[in-house]
Amino acid sequence: MTKKEKAEINKLLHDYLRLRWGDKCLHCGKQGILSMSHIFSKGSHRSMEFDEDNIIFLCYRCHIHFWHKSPIEASEWIKSVLPKEQYQRIYLRANTVQKGTRNYKLIKLYLNNKINNYANQKKGKALKKEKI
């Protein structure tokens with residue numbers, strides 16, 4: 001996957017996660033500029049880089065000064081915040097060897113579909129509110 005393709009996937013992933021999680025830091029609740037933080041590091045778990053369940057939104061302060069500087073505390077915190085099933089699912093995926101390359105077109109298609117589904121759900125909710 002080229003750098004340009006990775007950048008495009010990361011932008012789509014960010015847009016999708018913003019729809020999914022909202023615009024606030026999962027740790028402190030601060031709104032503003034948020035970083036995508038990988039629960040299982042993309043450096044040691046390459047297959048988890050674009051896994052939407054493996055990414056949370058954190059503000060810069062929480063990402064750097066909590067997530068990276070206090071990894072044991074951060075690990076315990078994330079286990080208490082995420083649904084148990086989600087954490088177990090990503091733990092298994094992170095510890096499973098996956099061979100082969102990541103398919104840029106398939107990831108892009110998947111994320112575009114997710115974004116469209118969330119956008120359509122929000123439109124449907126907005127229309128229901130208008131009718132009431």
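**Close-up 1. Ser80, an exposed residue of the predicted model, with a relative accessible area of 58%.** In this predicted model, Ser80 has its place in helix H3, and its relative accessible area of 58% makes the residue exposed because the cut-off for that class is over 50%. From this position in helix H3, the side chain of Ser80 reaches back to the backbone oxygen of Trp77, at 2.7 Å.

**Close-up 2. The packing of helix H2 against helix H3.** Helix H2, which spans residues 60-68, packs with helix H3, residues 71-81, at an angle of about 105°, and the axes of the two helices are 6 Å apart. This angle makes H2 roughly perpendicular to H3. On the H2 side the contact is made by Phe66, Trp67 and His68, while H3 contributes Pro71, Glu73, Ala74, Trp77 and Ile78. Sorted by class, the contact of H2 with H3 has six nonpolar residues, one polar residue and one charged residue.

**Close-up 3. The aromatic pair of Phe40 and Tyr87.** The structure holds six aromatic pairs. In the pair formed by Phe40 and Tyr87, the ring centres are 5.9 Å apart and the planes stand at 35°, so the pair is tilted. This pair links distant parts of the chain, with Phe40 in the loop between strand E1 (34-38) and strand E2 (55-59) and Tyr87 in helix H4 (residues 84-94), 47 residues apart. Phe40 and Tyr87 are both buried.

**Close-up 4. The cluster of Phe40, Tyr87 and Tyr91.** Tyr91 joins Phe40 and Tyr87 in a cluster that is linked by ring pairs.

How values were computed
Residues numbered from 1 in each chain as written. Predicted model: local features only at pLDDT ≥ 70, side-chain atom pairs only at ≥ 80, totals over all residues. Heavy atoms only, no water. Axes fitted to C-alpha atoms, helices over the stretch in contact; angles between N-to-C directions. Helix = DSSP H or I, 4+ residues; strand = E, 2+ residues; numbered from the N terminus. Parallel < 35°, antiparallel > 145°, perpendicular 65-115°, else oblique. Contact = heavy atoms within 4.5 Å. Nonpolar A, V, L, I, M, F, W, Y, C, P; charged D, E, K, R; others polar. Buried < 20%, exposed > 50% of the residue type's maximum accessible area, 1.4 Å probe, protein only. Polar contact = N/O pair within 3.5 Å; in protein donor to acceptor, adjacent residues only side chain to side chain. Phe/Tyr/Trp six-rings, centres within 6.5 Å; stacked < 30°, edge-to-face > 60°.
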